[in-house]
Amino acid sequence: MDPDRARELLAAERARIARALSPLRQEEDSEPVDEYDPGNLASDLYQDELDEGLADDLREQLEAVERAEARLAAGTYGLSIESGQPIPDERLEARPTAELTADEERIRERYS
């Protein structure tokens, strides 16, 4: 894959993640609620846990972008980190942070 296209894809992925993380980082700005109401407490706890899970997933995606950017800088972007085989451009277009070929990923998922 052309390095300029790879940078463009990775920048777009980074921006997508930043947009998704942004509302999860914002403080609560709605009207105060009765903090002693069990229904409100349960709802707040559920939302907090959901947001934290989403934020964890997005941080992992951001780490994948950073690893891909490092591979791009090292000249190994587009090569499997496992076998060194080329990752098809079509796969990188769909998933710019791909570290394995599709076959390698299927095998890894089967055994994990």
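A residue counts as buried when its relative accessible area is under 20%, as exposed when that area is over 50%, and as partly exposed in between. Keep these cut-offs at hand for the tour of this predicted model.

**Whole chain**

Start with a cartoon view of the whole protein. There are 4 helices and 0 strands, and along the sequence the pattern reads α-α-α-α. Of the 112 residues, 25% count as buried. The salt bridges in the structure number 13, and several of them are stops below.

**Stop 1: helix H1**

Select residues 3–25, which make up helix H1, and then pick Leu-21 within this helix. Is Leu-21 buried or exposed? Leu-21 has a relative accessibility of 2%, so it counts as buried.

**Stop 2**

Next, select residues 38–74, the span of helix H2. Show the surface and colour Asp-57, Glu-60, Glu-63 and Glu-66. These four residues gather in a surface patch of negative charge. Take Glu-63 from this group; its place is in helix H2. The relative accessible area of Glu-63 is 44%, so this residue is partly exposed.

**Stop 3**

Glu-99 is at 18%, so it counts as buried.

**Stop 4: the loop between H2 and H3**

Move on to the loop between H2 and H3 and select Gly-78, which lies there. At 10% relative accessibility, Gly-78 counts as buried.

Is Pro-86 buried or exposed? With a relative accessibility of 55%, Pro-86 counts as exposed, because the cut-off for that class is over 50%. From Pro-86 to Thr-76, 10 residues apart along the chain, the C-alpha distance is 9.5 Å.

**Stop 5: Glu-105 and its two arginines**

Select residues 89–94, helix H3, and pick Arg-91 inside this helix. The relative accessibility of Arg-91 is 19%, which falls under the 20% limit, so Arg-91 counts as buried. Which side chain makes a polar contact with the side chain of Arg-91? The partner is the side chain of Glu-105, at 2.4 Å.

The side chains of Arg-95 and Glu-105 meet in a salt bridge of 2.6 Å, N to O. Arg-95 is in the loop between H3 and H4 and Glu-105 is in helix H4, so this pair ties together parts of the chain 10 residues apart in sequence. Arg-95 is partly exposed at 35% relative accessibility, whereas Glu-105 counts as buried at 18%.

**Stop 6: helix H4**

Show the side chains of Asp-103 and Arg-106. These residues form a salt bridge in which the closest N and O atoms are 2.3 Å apart. Both residues lie in helix H4 and are 3 residues apart, about one turn of the helix. Asp-103 has a relative accessible area of 48% and is partly exposed. Arg-106, at 46% relative accessibility, also counts as partly exposed.

**Stop 7**

Technical notes: Residues numbered from 1 in each chain as written. Predicted model: local features only at pLDDT ≥ 70, side-chain atom pairs only at ≥ 80, totals over all residues. Heavy atoms only, no water. Patch = residues over 30% accessible without salt bridge, like charges linked within 9 Å, V, L, I, M, F, W, Y side chains within 5 Å. Areas by Shrake-Rupley, 256 points an atom, 1.4 Å probe, with all protein chains shown as cover. Lys, Arg positive; Asp, Glu negative; His and termini not counted. Charge placed at Lys NZ, Arg CZ, Asp CG, Glu CD. Buried < 20%, exposed > 50% of the residue type's maximum accessible area, 1.4 Å probe, protein only. Polar contact = N/O pair within 3.5 Å; in protein donor to acceptor, adjacent residues only side chain to side chain.
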